[in-house]
Amino acid sequence: MAAKLTKVEKTFFVDDGEKRGPMTMLRVRFHPRESRLVASCADRRVALFDLAGETQEVKGHGKCVLGELVCPHEIGWVRGLDVHPDGNWLATGGSDRTLRLWSWQDGRPAEQPTREVQAHEGWVEAVTFSPNGKWLATAGFDAAVKIWNAADLKLVQTLSGHERYVDDVVFTSDGKFLISGGEDGRAIVWETSSWQRSQTIEFGDANNQYGQTPKHSGVHRLAVSRDGRWLGIAGGRKLEIHDLQSGEIVSSEKLNMQVAFHPAADLLAAGESEVKVWSFDAAKFAPPAKDKNGKPQSPKGIPGDAIATIKRGEWSLGLQFSASGSQVALGKANGTVELYDVS
Amino acid sequence: MDSTAAERLVRLLSTHQETLYRYVFALLPNEQDAKDVVQETCVALYRKLAEYDPERPFLPWAFRFAHLEVLKFLQNKKRTNIQRSKLRKSMTIRSKNSLCPSHEHGFSRRALLQGAVAGGTLFGGFGRLFANDNAALARGNDKRVILVFMSGGPSQFETWDPKPGQPTGGPHIAIPTSLPGVHFDEFMPNLSRLANRMITVRSMTSKVGDHDQGRYVAQTAYNPSTLVAPAPHWLSVCAHEKPAVADGVPSYVMLGKDNFGSLHVPGAGFLGARHQALHCPGDGAGPQDLPVPSPVAIEDFERREELRRSFSDTFAEGRPRRLVESHDGAFAQIGGLLRAGDLFDISQEPEKDFQRYGDSNLGRDCILARRLVERGVPFVRVQHQSGLAWDKHRRAFQSQRWITSEFDTAVGALIDDLIDRGLWSSTLLVLMGEFGRTPDIQGQGQPGRNHWTKCWSLSFGGCGLQEGLVVGATNQNGTDLQDRPVTIHDLFCTFYKTLDIDPHKDLEFENRPIPLVENKLGQPIEEVF
């Protein structure tokens, strides 16, 4: 039976009443144990939503569950965040250069960080815990990827290989590999046993204007399939699926900015203003055929069934499946997050 | 020597410049050395011109001087570095005292020579500098302007007036500058370092929030509807008031494309094509479709120009001369460019400069701007990217990082070089767009900032103005002015006064007085002088 997405009636909205525009969402993360969702947005704080919260009428947005703003950095915006796999910690990285670790108690992060370090020479863009919760990987403006001991934020390793801003980092589910991607148009696969580079995937879509426009800014988001075999790379104007072991491209679609794999099924979601969800047929992922001159042809689209198309408006960022895979969260530019049940 | 003799020398050198240079270059196969020696030869010819018999061929006579100068050069080269250093110093002093009144021209003999080379028919410009009247003109026109226009409306929050920690502050943080207590955007490390050389205005206020009209006002001092004829760009006015001294050197050059709309690209307006900017396409390139300068190309051009002018004169008979002046002026400019040689050739600039200025169109245009002002072009407008690069309505802050960095790298290097090369005290550098951006991070596709005229920022400096000054202030979250409003008209009064141009002077168009600044509004920002 094909998978199906059903929109949850509640919308999740955050605003602090300041006259400065909506809290445009950037990244969303489900809490692994509790019915909570956190999001980095256009603010120095993190938006915290109670997914079981009561709704109230919000002008212009209908019935919404109002979020709170927590984990304050003093200046800049929180750019990256992640929740520890055991659910007891939340890590935030900001444009203020800091990485902060907040303990999670009673359904919310603490008011003060437990630990704080100056993590990068520039914005801390991406933050992710390893699946075993031992490490925390960060990346950002200084083109470095850094590995931290998640318990005390002691620096374990600095990985050099990118030439520009690093936008995203992701671990494989078995924790054996870390993948980083950035504005230089590269995705680099690192072995976590040695922290050595195992391969570099040239995604492209980067020019000398780099961050001027998203379409020329290389890799924006990364995601790895549940079995660690496929790597999804989202750029400013295309989505590519690569065989993580060989690095070869096996599929491509004209979708941009966002990508997420389901944690327990062969489901894939991708796209910014329009999100598409596929029930993909992994057996049919294959490198593009070559023509008579040996030149590779264009890769094929994602094999399988497209089960949903969701329009959510321009610059809608934040896309993640919950730990069980029963829900998917979509951030939006207007300061809201929408939830869909996956069945 | 009388002026007739000097003019005769200029004409002879104009005709034989290339041959003379090739003769010297054959003996000294180094471009700069050959140019130096040719220059020395010209000085010698000038001194001995009274001995020249016009009935005899010029070149054999000139070659004798050139040969002697080559020998002299080679002898000098054998001397110790110390001796050479002393010699160059004395030559520099000599050139300062006798050749060029502008103190910048005295600092670098090579720059002077290159300026002369660019000055039309190789030494036509040099010859003119000998003439007393032109020397006086040079003294009167020893100020330059480089305008780097930040098209689209740069955000004051992400440049000169950051508000970190405020809800309106955005993700960028601020860094300290060389001025105690003053912070700029984190992606402006060079301009932060150089804040003590610049004037930062944080209290600009204007009324026009539309790109087309805003850019028109911000570059002409006129609202579009207040004048029957198009107002000239303020650098066209400057070119009109203080044209380039050297022959063949354009008075006003624009680098880069400005391809959004039409109204906002002010040209020479009622001043006519003669005062229009010479347009270069950007990325450090010179004018397009210009033949490679050579004696043959010049001769070819002059032959055609003679014919064209005869038609033009015939057409003009019985008609207002103004009808053909612009047309003639455009052709005259082409002729001047043909004679300007390598004026626009930035490939002659050191490779390390390209690294310092950054691998960007703006970086290469700033190198060209530097080259132009060094060689006598008084007014240069640099367009930072075409279209509306600073117009960050949407997806603003990540892309803002890059445009601000690109701008800071190129402009920071330009300021460093203007200072190092002794040009800072006579060059007005203006860094501005048409307006600022909203405190609200509303955008038209969040996150971004919309147009905002209530309070915004810009920066300028050099040309003997006060240094390290911050004019005006906004309130805590940048939503309103707090102190010392400065209008567009105040700004233009300030710029014109800096250039020793009466800001409330009248020009004339169709027998009507047209003031430089609309309705004679505004007052100079006195604290900057």
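**A loop residue, a pocket and an interface**

Let me begin with Lys238(A), which sits in the loop between strand 22 (230-235) and strand 23 (239-243) of chain A; strands are DSSP runs of E, at least two residues, numbered from the N terminus. The model is predicted, so local features need pLDDT of at least 70 and side-chain atom pairs count only at pLDDT 80 or more, while totals for chains, interfaces and linings use all residues. Residues are numbered from 1 along each chain, chains are lettered from A in the order written, and side-chain values use heavy atoms, without hydrogens and water.

Back to Lys238(A). Leaving out residues up to four places away in sequence, Lys238(A) touches Phe203(A), Asp205(A), Ile233(A), Glu253(A), Leu255(A) and Asn256(A), contact meaning heavy atoms within 4.5 Å. Met257(A) is 19 residues from Lys238(A) in sequence, and their C-alpha atoms are 7.8 Å apart.

Next, the second largest pocket. A pocket is an open set of points on a 1 Å grid over the protein atoms alone, where a 1.4 Å probe fits, with protein on both sides within 12 Å along at least five of seven lines. Its volume, the space filled by probe spheres set on the points, is about 1,000 Å³. It is lined by 39 residues, and the closest to its centre are Arg29(A), Asp82(A), Val170(A), Gln320(A) and Phe321(A); lining residues have an atom within 4 Å of a point. Which strand gives the largest share of the lining? Strand 2 of chain A does, with five residues.

Last, the interface. Chain A brings 31 residues to the contact and chain B 28. Together they bury about 2,700 Å², 52% of it on carbon and sulfur atoms; that is accessible area (1.4 Å probe) lost on being put together, summed over both. Three salt bridges cross the interface, each a side-chain nitrogen of Lys or Arg within 4 Å of a carboxyl oxygen of Asp or Glu. Lys19(A) and Asp440(B) form a salt bridge at 2.9 Å, N to O.

Definitions and conventions. Helix = DSSP H or I, 4+ residues; strand = E, 2+ residues; numbered from the N terminus. Buried area = accessible area lost by both parts, 1.4 Å probe.
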